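Please walk through the model below, with attention to its aromatic residues, its surface and a few selected positions.

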Amino acid sequence: MTTHPDVATAAEPVPSPQPAPATSVPRPPRRTVRTASWYAVALLISSVMVLPILWMLTIALKGHSAVFQVPPRLLPDEFHFENFIDGPKAIHFPRLLLNSLVITSLSVMGGVMTSMMAGYALSRLRFPGRKVWFYVFVGSMMLPPVVGIIPLFQLFKDIGWYDTWLPLIVPAWLGGNPLFIFLARQYFLSVPYSIDEAAKVDGAGHVRIFFSVMLPITRPAWITMAILAFQFSWNDYLNPLIYLYSSEKWPLSVGMASFVSGFAGQTPDWNFYMAANLLYMLPPLAVFFVAQRYFIQGLSALGTVNQR
């Protein structure tokens, strides 16, 4: 028995075509130059941001005489790590830190909570004059805060709040930041109304909808507000300076100035000042890095909100 030549030819596997060897496409020189330029600009901007912190660190590690060395040197000859202990000790750093934490925590809680409630009311509740109230809040953002210093000081002095923490905390619990109210309203407008209606069908009222439904949904928004409120309150220097007379009630923002004002006619210990200042910067940095994911989500979501 012989096999037909055509059948034998059809049974043989047909070799698949081999892929052509990959050849590297040379990057156009214009694109390479553009990428290198972007990296150079980013490196320049980063150096501008990092150089002051690096200079603070090197001053904090120098001795008293090396601070004024001419020409200045970036790296100290001797590292004085004890400045991070002696510097904070000179201004009673632990007590001032505790004061700042108490004032900032209560102020942030009050400011964020009342702003979210006001934003919910302006975006979800139907009542006469709702838009007028919103325009009043927006218009108050254009008013410089320094305009109200004298009347508020007279008011707090008359009701006996001078030299207490109340002027720094209570206004935040009364919705004292119109910017946060504006941001909260805009974020609530991005939430579909069908969620409210579904909760109302289940028998939930506005209080339950706000705490059980809206707050979890708007987490990026109020975390963004909390970060901003923490920065504002932590770095606030003017208001504590006006309302607080006793040094044992000062927050860190005012206590740091005692390095200069407390030694009138003498040269301040700049190495102590820089060491304490670096420690002063740590809490806001820690808060930002812990919640930066929500901070970026909140700012991104605010840019996609439709106006109604």
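Phenylalanine 134 has a relative accessibility of 11%, and because buried means under 20%, phenylalanine 134 counts as buried. This value, like the others here, is computed from a predicted model. Phenylalanine 134 takes part in an aromatic pair with tyrosine 135, with 5.9 Å from centre to centre and 50 degrees between the planes, and the pair is tilted. Tyrosine 135 is itself exposed, at a relative accessible area of 54%. The ring of phenylalanine 134 also has the charged end of arginine 185 over it, 3.8 Å from the ring centre.

Tryptophan 133 and phenylalanine 137 both lie in helix H5, which covers residues 130-140. They are four residues apart, about one turn of the helix. A pair of aromatic rings is described by the distance of the centres and the angle of the planes. For tryptophan 133 and phenylalanine 137 the centres are 6.4 Å apart and the planes stand at 35 degrees, so this pair is tilted. The cut-offs behind that label are under 30 degrees for stacked and over 60 for edge-to-face. Phenylalanine 137 is partly exposed, with 23% relative accessible area.

How many aromatic pairs does the structure hold? The count is 17. Ring pairs also link Phe153, Phe156, Trp161, Tyr162 and Tyr243 into a cluster. Elsewhere, tyrosine 193 has the charged end of arginine 124 sitting over its ring, at 4.2 Å from the centre.

Tyr243, a member of the ring cluster, is also one of the contacts of leucine 168. Leucine 168 lies in helix H7, residues 166-173, and is buried at a relative accessible area of 12%. Neighbours within four places in sequence aside, leucine 168 is in contact with Ile103, Ser107, Asn239, Pro240, Tyr243 and Leu244.

Among contacts between residues at least 6 apart in sequence, 74% join residues at least 24 apart. The chain contains 15 helices and zero strands. Its length is 308 residues, of which 33% count as buried.

Asparagine 277 is found in helix H15, which spans residues 270-302. Is asparagine 277 buried or exposed? With 14% relative accessibility, asparagine 277 counts as buried. Beyond its neighbours within four places in sequence, asparagine 277 is in contact with Met56 and Met256.

The last topic is the surface. The chain exposes about 19,700 Å², and carbon and sulfur atoms supply 69% of this area. One nonpolar surface patch, of about 950 Å², is made by Val41, Ile45, Met49, Val50, Leu51, Leu54, Trp55, Leu57, Leu74 and Leu75. Leucine 51, one of the residues in this patch, is placed in helix H2, residues 29-60. Why does leucine 51 count as exposed? Its relative accessibility is 52%, and the label applies because exposed means over 50%.

Conventions:
Residues are numbered from 1 along each chain as its sequence is written. This is a predicted model: local features need pLDDT of at least 70, side-chain atom pairs count only at pLDDT 80 or more; totals for chains, interfaces and linings use all residues. Side-chain values use heavy atoms; hydrogens and water are left out. Patches are made of residues with over 30% relative accessible area and no salt bridge: like charges are joined within 9 Å, nonpolar side chains (Val, Leu, Ile, Met, Phe, Trp, Tyr) within 5 Å. Accessible areas come from the Shrake-Rupley method with a 1.4 Å probe; for residues, only the protein chains shown count as cover. A salt bridge is a side-chain nitrogen of Lys or Arg within 4 Å of a carboxyl oxygen of Asp or Glu. Helices (H or I, at least four residues) and strands (E, at least two) are DSSP runs, numbered from the N terminus. Buried means under 20% relative accessible area, exposed over 50%, partly exposed in between (1.4 Å probe, protein chains only). Rings of Phe, Tyr and Trp (its six-membered ring) pair if their centres lie within 6.5 Å; planes under 30 degrees apart count as stacked, over 60 as edge-to-face and the rest as tilted. A charge sits over a ring if NZ of Lys or CZ of Arg is within 6 Å of the ring centre and within 35 degrees of the ring normal. Contact means heavy atoms within 4.5 Å.
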